[in-house]
Structures are given as C-alpha cells and as structure tokens.
Amino acid sequence: MEIARAAAGLFVRQGLRATRAEDIAQAAGVAPRTFYRYFASKEEAIGPLYATGAQRWVEAVRATPAEVPVPRVLEDAVRHTLTPGLGVSVASWNWVRTLIRLAQADPALGRVWAEACQASERNLTEALAERLTAGQVRPAFDNVADRSRLAFAAAVASAAVRTAMESWAAGDGPAEGPQGPAELAVANLAALRDFPWTDLTSPGTP
C-alpha cells in the first residue's frame, strides 16, 4: 500500500505523464526492481487504492445489522463510505477527485479503475448473497434465475456508486451536500428500492 500511496501523491502533484515508475519507487523508498515485482506498470501501482476504496463500501454492507432491509443497507453503507470524515478524510477527497479524473482521461489507468469496480461488484454480490441467506437451511441461490437476479442487482448498485463518483469528480463541487458523491449515489440507488429482494430468499423452482 505504501507504493500505491506514493504513486497517488505523485500523480496528483505532477500528473500521470510526468511520473515514472522509478519516481514512484524512489518516493516509496524501494528499489525499482521491487516496484516491478508487484506492478507491471506505473498505472497498476494505484490499483490497491482504488480497490481499497471500493471494498470499503462492501465491508459497510456486511457490517450493517441483519434486520435492516437491503435498500436501506445499501444507502446507509454509501453514506458511511462516501461522506467526508467517515469513510475518507475530508482532505483526501481532493485526491479522490483527481485520481478518478485521471482514470477517465487515461486508458491504461481507466482499465485499473474498471478492474477495481468489477472486483467490488463481485464482492458485493457475495456480501448480498450471504446477507439474504443468513440462517437458511437451503443452499444459497441454488438456481440460475436467483443467481442472475442477484448479480443484476449488485451490478446496478455498483453502477449507482461508480457513476455518482465519476459525475462528482467531473465537476468542482464540494464532497458534501446534495451534489456530493454520497447523496448522488443514494439518489441513484433509488432504482433498486422496488427490487424484489425477498423473492430471492423464498424457495423457488430450480
């Protein structure tokens, strides 16, 4: 993670093009060969930070009490993760904006961002499956239709958060308030408020 933080600092301060892998290694206090042991390119070095941010939301979903309805779980997790001072410090949000902008402008960094978002979507699917089948005797999502609907819902939820982050990062507004990433994501999640979550936990026909 130290290498990832060093990469982020250099990308934010001097830009992606002006930063070499060797510069990142030096800033992190490691040899270039150590850098390349973990990362194939300078763009990949930022991957752990993208992944950590995405995973923080999934962990908030897992940590919410079992009795809370899923739509509320997703919204509460978003607010916990994306409200400055809770999930990420207030000062870090300028870095977050810059790193997302860089990902949208550079194809190589964009792939790293996309991979982190895809991994988060898979993890969210698992977290929701665990939540919806907790305490049940029947196998979790033992038919294709249920698995497909759960994966669809997780994809929509993940897209709601990703697009909120990207929309916020494209502007210059504050990270708090109705145009901040948390409230934008909550508004996007409204698309899932009527999703039939309880149908997924009822015995169905394989």
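This passage describes the packing of helices α7, α8 and α9 and the two largest pockets in a predicted model. Because the model is predicted, local features require a pLDDT of at least 70 and side-chain atom pairs count only at pLDDT 80 or more, whereas totals for chains, interfaces and linings use all residues. Residues are numbered from 1 along each chain as its sequence is written, and side-chain values use heavy atoms, with hydrogens and water left out.

Helix α7 (residues 107-132) packs against helix α8 (residues 144-170) at an angle of about 135 degrees, their axes lying 9 Å apart; helices here are DSSP runs of H or I with at least four residues, numbered from the N terminus, and axes are lines fitted to C-alpha atoms over the stretch in contact, with angles running from 0 to 180 degrees between N-to-C directions. The two helices, α7 and α8, are therefore oblique to each other, a class left after angles under 35 degrees (roughly parallel), over 145 (roughly antiparallel) and 65 to 115 (roughly perpendicular) are set aside. The crossing of α7 past α8 is right-handed, the near helix being turned clockwise from the far one by less than a right angle. Contacts (heavy atoms within 4.5 Å) involve residues of α7 including Trp-113, Cys-117 and Glu-121, and residues of α8 including Leu-150, Arg-162 and Glu-166. The residues of this contact comprise 11 nonpolar, two polar and three charged, where Ala, Val, Leu, Ile, Met, Phe, Trp, Tyr, Cys and Pro count as nonpolar, Asp, Glu, Lys and Arg as charged, and the others, Gly among them, as polar.

Helix α8 also packs with helix α9 (residues 181-189), at an angle of about 145 degrees and with the axes 8 Å apart, again in a right-handed crossing. Among the residues that meet are Ala-157, Val-161 and Trp-168 in α8 and Pro-181, Leu-184 and Leu-189 in α9. This contact has 10 nonpolar, two polar and no charged residues.

The largest pocket (an open set of points on a 1 Å grid, fitting a 1.4 Å probe, with protein on both sides within 12 Å along at least five of seven lines) has a volume of about 800 Å³, taken as the space filled by probe spheres set on the points. Its lining (residues with an atom within 4 Å of a point) consists of 32 residues, with Leu-49, Tyr-50, Thr-52, Gly-53 and Ala-54 nearest the centre. The lining divides into 21 nonpolar, seven polar and four charged residues. The second largest pocket has a volume of about 170 Å³.
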